[in-house]
Structure formats: structure tokens, C-alpha cells
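Please look through the sequence and the structure shown below before reading on.

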Amino acid sequence: MRVYLVIIDETDEALVALRFAARRAAKTDGTVHLLALVPPQPFNAFAGVQATIEDEARSRAETLVTAAAGNLLSQGGKTPLISVKVGEQLKVVRQYLTDHPEVSALVLGAASEGGPGPLITHFTGPGAAQMPCPVFLIPGHLDEAAIERLSG
């Protein structure tokens, strides 16, 4: 079975990547893994404040990834595997790919304007040579029809 990993955040690019991965999974009898990343919070000398900040960040990420999973299910997709991880973006994604060798492709969405984000820069640059799977880079300007046509 093919497994497509999508990094979920609050950007339009993540939604484009999710739409592509969902359609690709449906056409290949595959599944989607959704990974929400919670950045490490800056140290706060007051432990209670630190814990509250971390809890709020994790809760926001969990809400976001749960909504994305609901969106996927409403489109007739299979139930995705959902993960929320705390840590530095690049390290967490690399570790996830190491821990989940069943992942067939990392699906990233590109912004419709502006430069690439840190994930695209890292995973399509020199770091691409060390990837355990292909990286699908989905242009952010694609509409539903284009995503449907290209995901086949």
C-alpha cells in the first residue's frame, strides 16, 4: 500500500498538498499520514506559564490536524494516520520518515507566490539525496481540476 505523508499547518500550501495526496491515495489504493508539527517553545522561567504555552500550541496543532482528517474523510478518503510531534521541523520530519519506512512519498505544497518555505528548501535541496522516499512538490496555484488531473 502506498502511504503519502502530508505536513499539516495553517497554510494554503498544506491544503493543496492534502488535496493532492488524498486524490493520489484514492487512485492508488493508498492512505495518507497527517503530521502536525509543534515548534519547541522558547524557555520561560515560570514553569506554569511554559506548560500553558506548550499545551496551547499542541492543542492548536491537534485541532488543525483533526480538521484536516475530517476534510479527508468527507471527500470519501480512508481514515488517515494522525500524528502530532513537538520539535524542530526538519528533525521531526526526518525522524518520522525513519520511524515509518512504509511512507512512499512526502507531499509538500508550494506557495502560489513568493519563495519556498524551509521544508521545501531542505527536502528538495542537497538534503534530497538522503531522502528515503520521493518528494512530491505540488504548486500552490493548482485548482481542483488540475489536482484531479495530475494526481492520476
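Glu 13 has its place in helix α1, where helices (H or I, at least four residues) and strands (E, at least two) are DSSP runs numbered from the N terminus. The model is a predicted one, in which local features need pLDDT of at least 70 and side-chain atom pairs count only at pLDDT 80 or more, whereas totals for chains, interfaces and linings use all residues. Residues are numbered from 1 along each chain as its sequence is written, and side-chain values use heavy atoms, with hydrogens and water left out.

Glu 13 counts as partly exposed because its relative accessibility is 24%; on this scale buried means under 20% relative accessible area, exposed means over 50%, and partly exposed lies in between (1.4 Å probe, protein chains only). Not counting residues up to four places away in sequence, Glu 13 touches Gly 109, Ala 110 and Ala 111, contact meaning heavy atoms within 4.5 Å. Glu 13 and Leu 108 are separated by 95 residues in sequence, yet their C-alpha atoms are 7.5 Å apart in space.

Helix α1 itself has 17 residues and reaches 24 Å from its first C-alpha to its last, close to the 24 Å expected at 1.5 Å a residue, the expected span being 1.5 Å times one less than the number of residues. Several residues of α1 are buried, among them Ala 14, Leu 18, Phe 20, Arg 23 and Arg 24. Just after α1, Asp 29 takes a positive phi of about 55 degrees.

The sheet comes next. Five strands form an open sheet in the order β3-β2-β1-β4-β5, with parallel pairing, and two strands are taken to pair if DSSP finds at least two bridges between them. The edges are held by β3 (81-86) and β5 (135-138), each of which has a single partner strand, so one side of each is left without a neighbour in the sheet. From one strand to the next the twist averages 25 degrees, with axes being lines fitted to C-alpha atoms (for helices over the stretch in contact) and angles running from 0 to 180 degrees between N-to-C directions.

In general, strands of a sheet pair through backbone hydrogen bonds, either parallel or antiparallel. Here, strand β1 (residues 3-8) and strand β4 (residues 103-109) run parallel and are joined by four bridges; within β4, Ala 105 is the bridge partner of Tyr 4, and Val 103 is that of Val 3. Helix α1 (residues 12-28) packs on the sheet, touching β1, β2 (31-38), β4 and β5, and its direction makes about 165 degrees with that of β1. Helix α3 (residues 89-99) also packs on the sheet, where it touches β1, β2, β3 and β4, with its direction at about 150 degrees to that of β2. Strand β4 pairs with β5 as well, in the parallel sense and over four bridges, and Leu 106 stands opposite Val 135 in β5. Strand β4 is mostly covered, six of its seven residues being buried.

Which residues have the most contacts inside the largest nonpolar core? In this core of 27 residues they are Val 6, Ile 8, Leu 18, Val 32, Leu 34 and Val 107, a nonpolar core being a set of buried Ala, Val, Leu, Ile, Met, Phe, Trp, Tyr and Cys residues joined through side-chain atoms within 4.5 Å. The elements that give two or more residues to this core are β1, α1, β2, α2 (47-74), β4 and α5 (144-150), and the largest share, seven residues, comes from α1. Leaving aside neighbours within four places in sequence, Ile 8 is in contact with residues including Leu 18, Leu 34, Leu 64 and Ala 68. A second, separate core of 18 residues includes Val 3, Leu 5, Tyr 96 and Val 103.

The segment after α5 contains Ser 151, which counts as buried because its relative accessibility is 0%. The side chains of Ser 151 and Lys 27 are joined by a polar contact of 3.2 Å, that is, a pair of N or O atoms within 3.5 Å, of which, within protein, one must be able to donate a hydrogen and the other to accept it, while residues adjacent in sequence count only if both atoms are side-chain atoms. A polar atom of the Ser 151 side chain also lies 3.1 Å from the backbone oxygen of Glu 148. Leaving aside neighbours within four places in sequence, Ser 151 is in contact with Phe 20, Arg 23, Arg 24 and Lys 27.
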